[in-house]
Amino acid sequence: MAGWTLGGGCDDTERILGEGNFYYITMLRDPVSRYLSEWKHVQRGATWKTSLHMCDGRSPTQDELPTCYSGDDWLGVTLTEFMDCPSNLANNRQVRMLADLSLVGCYNLLSMNESERNHILLGSAMNNLKNMAFYGLTEFQRKTQYLFERTFSLRFIAAFTQINSTRAANVDLSEAVRRRIEELNYLDVQLYEYAKDLFLQRFQYTRQRQHQEERLKRREERRWLREQREQSRDSLPKRQVGGEGGRDELATTTEDYTSQVARW
C-alpha cells in the first residue's frame, strides 16, 4: 500500500494505490479540536513554508495570502494571536483542502463576495468528500477501522485505539473562546456535521449488509448440511426383499425374519 499527503497540516488527504487504481481517502476531525491542535503545533515552531498552495498553475501572491508572522516561525504564539490573524490558513482548513479552489478564483478574495465564495467552497468540499472512496472521523476510530476494512477488503493487524487525552483536549477553553473558534471555522463546522451524519449512515448500512451476508451464509451452510445428510441416507446399502413386485427396501435391524424360517 502506497500513498501521498496533500497540503500538509492535520487534515491530510491521502491516495491509496490499488491494483492499477488510485483511491482518495481522508480523515476529518472535530473542527475545534483540529484548530487547537494546529495552534499547538505552530506554537512549538511548525511552519508550512515549503507548501506552494498551487491553484490554477500558480501560487498565491503576498497580497492574496499575507503571512501571519515575521521571522522564521510563529514559535510561542498565543491562542489569541493565532485567532486574530485574518489570513491564518488554519481557519476552515478542512473545507479549503477538500474543495476545488479554482471555482472561487483560488486565493483571490476579490473575485466574488464572501457569501458566494463560502457557499461554493462548502458545496464543493461536501461533494468531493461524498465521492471519495473512503473517509473516516478521528472521533470514531473503531467505526473508521470497520468501514475501512469492509471498503477495501483489508484487515489491520491491531485494533484502532481511541485516544482522548490529546494536547487539544487539555486546553482549558472558556465558552467565549470556543464560540470564537467555531465562528472562525464555521464552514468546517458545517462540513463536519454533514460528514458525521453521512459517516454514521454508511456505518449502519454496512453493518446491516454484513448481518444479511452472515444470515445468508448460515442459511447456505444449513442447506449444505441437509444435502449431505440426504446423500448419506441415499448411499446406505439396499437388499431385495420378497415384497410384492420385488421392491427394493432398506435392510433394517427390526426386520421380521420369522417369515423366512422353513417349517418342518
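Lining residues of a pocket are those with an atom within 4 Å of one of its grid points. That term is used below for a predicted model.

Confidence comes before detail. The average pLDDT of the protein is 85, and 82% of the residues score at least 70. Residues 1-11 have a pLDDT below 50, although this stretch makes 33 contacts in the model beyond near neighbours in sequence. Another such stretch is residues 249-255, where pLDDT stays under 50 and the model has 10 contacts beyond four places in sequence. Where pLDDT is low, the predicted coordinates should not be read in detail.

Next comes the largest pocket. Its space amounts to about 670 Å³, and 26 residues line it. Pro86, Asn91, Leu109, Arg117 and Asn118 are the ones nearest its centre. Sorted by class, the lining consists of 14 nonpolar, six polar and six charged residues. Helices α3 (93-98), α4 (114-131), α6 (175-184) and α7 (186-234) each contribute at least two residues to the lining. The largest share comes from α4, with four residues.

One of these contributors, α7, can be followed along its length. This helix has 49 residues and runs 72 Å from its first C-alpha to its last, close to the 72 Å expected at 1.5 Å a residue. The buried residues of α7 are Leu187, Asp188, Leu191, Tyr192, Ala195, Leu198, Phe199, Phe203, Thr206 and Gln210.

Conventions: Residues numbered from 1 in each chain as written. Predicted model: local features only at pLDDT ≥ 70, side-chain atom pairs only at ≥ 80, totals over all residues. Heavy atoms only, no water. 1 Å grid on protein atoms, 1.4 Å probe; cavity = no way out; pocket = protein on both sides within 12 Å on 5 of 7 lines; lining within 4 Å. Points joined across faces, edges and corners; volume = space filled by probe spheres on them. Nonpolar A, V, L, I, M, F, W, Y, C, P; charged D, E, K, R; others polar. pLDDT = per-residue confidence, 0-100. Contact = heavy atoms within 4.5 Å. Expected span 1.5 Å × (residues − 1). Buried < 20%, exposed > 50% of the residue type's maximum accessible area, 1.4 Å probe, protein only.
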